[in-house]
Amino acid sequence: WAKGRVIRKIVQEELGGHPDPDIPHSISRSKAAVKRMQELIRDLLNFAQLNKVQEWQDVDLEEVLQEVLQDQGDAIQGSGAKITSEPLPHAMGDHGRFLQLFHNLISNGIKYVAPGKQPELRVSAAVGDSVTTLYFADRGIGIPEGKEETIFDMFERLHHRDDYPGTGIGLAITKR
C-alpha cells in the first residue's frame, strides 16, 4: 500500500498535480504484469536447471510429500482440498526435483477443479524391480481428448490465464 501511494504521488506530480482517474487501474495492471513476469522467469529458470546432471541419492518420498503439503498449506486450507496418500517408498533421484514434481502436480490438482467442487487428490506409488512409479489422481477438470500429449508442452494452456493462473510451464517441468 505504501509503495502504491508513493507511485501515485510521483505520477501525479509528473502530471502537474492533476489526478488521472485511470492511474490506480494502470498501476494495478502493471503490478499484475510484473508478478506474472517474475513467475515466468522463475519457471523458465527451473526448466533450464533440469538439463543439469544431478547426482542421485536415496530420497524419502513420504518426507517429500509432507514437505510439499506443509508448503501448500494455505492453498490446501483455502480450497478445502482433501489430500490422501498411501505410505510412499524411498526412490533414487534428486530431492529438489521430486519436490518440484510433487509441488506442480499437487498445486495443479488444487487449482484445476470445477467451480463449486472440493479438490480431492490421492498420491500413491508402485515399486517394481528397478522403477518406482508415482500416481497422482485428482478430481480435476480433466484434459480434453486430443490434448493429453500437448498439455505437457512449454506454454501450452487449456484455459485463459484469467480463469486459471500460471505460466504454462509447470507440466513441461513435470514431464522433463
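These legends describe close-up views of a predicted model.

**Figure 1. Overall make-up of the chain.** The protein has 6 helices and 5 strands. Along the sequence they follow the pattern α-α-β-α-α-β-β-α-β-β-α. Of the 176 residues in the protein, 26% are buried. Among contacts between residues at least 6 apart in sequence, 64% join residues at least 24 apart.

**Figure 2. An open sheet of 3 strands.** The strand order is β2-β4-β5, and the pairing is mixed. The edges are held by β2 (82–85) and β5 (132–138). Each of these two has a single partner strand, so one of its sides is left without a neighbour in the sheet. On average, neighbouring strands are turned by 15° against each other, direction ignored. Strands of a sheet pair through backbone hydrogen bonds, either parallel or antiparallel. Here β2 and β4 (residues 120–127) run parallel and are joined by 4 bridges. In one of the pairings, Ile 83 has Leu 121 of β4 as its bridge partner.

**Figure 3. Two helices on the sheet.** Helix α3 (residues 61–71) lies across β2, β4 and β5. The direction of α3 makes about 170° with that of β2. Helix α5 (residues 95–111) also packs on the sheet, where it touches β2, β4 and β5. The angle between the directions of α5 and β5 is about 20°.

**Figure 4. Helix α3, from its cap to its two faces.** Asp 60 caps the N-terminal end of α3. A side-chain oxygen of Asp 60 lies 3.0 Å from the backbone nitrogen of Glu 62. The buried residues of the helix are Leu 61, Val 64, Leu 65, Val 68 and Leu 69. Seen down the axis of α3, these residues fall within an arc of 130°, so they line one face of the helix. The face turned away from the buried side carries Gln 70 and Asp 71, which are exposed.

**Figure 5. The largest nonpolar core.** In soluble globular proteins, nonpolar side chains tend to be buried together. The largest such core in this model has 18 residues. Leu 61, Leu 65, Phe 98, Phe 102 and Ile 106 have the most contacts inside it. Two or more core residues come from each of α3, α5 and β4. Helix α5 gives the largest share, 6 residues. Beyond its neighbours within four places in sequence, Ile 106 is in contact with Leu 65, Val 68, Leu 69, Ile 83, Leu 121 and Phe 136.

**Figure 6. Leu 121 in strand β4.** Leu 121 is found in β4. Its relative accessible area is 6%, under the 20% cut-off, so Leu 121 is buried. Ala 81 is 40 residues from Leu 121 along the chain, yet their C-alpha atoms are separated by 7.6 Å.

Figure 7. At 14% relative accessibility, Ser 124 counts as buried.

Terms used. Residues numbered from 1 in each chain as written. Predicted model: local features only at pLDDT ≥ 70, side-chain atom pairs only at ≥ 80, totals over all residues. Heavy atoms only, no water. Pairing = 2+ DSSP bridges. Axes fitted to C-alpha atoms, helices over the stretch in contact; angles between N-to-C directions. Contact = heavy atoms within 4.5 Å. Buried < 20%, exposed > 50% of the residue type's maximum accessible area, 1.4 Å probe, protein only. Core = buried A, V, L, I, M, F, W, Y, C linked by side-chain atoms within 4.5 Å. Arc of directions from axis to C-beta. Polar contact = N/O pair within 3.5 Å; in protein donor to acceptor, adjacent residues only side chain to side chain.
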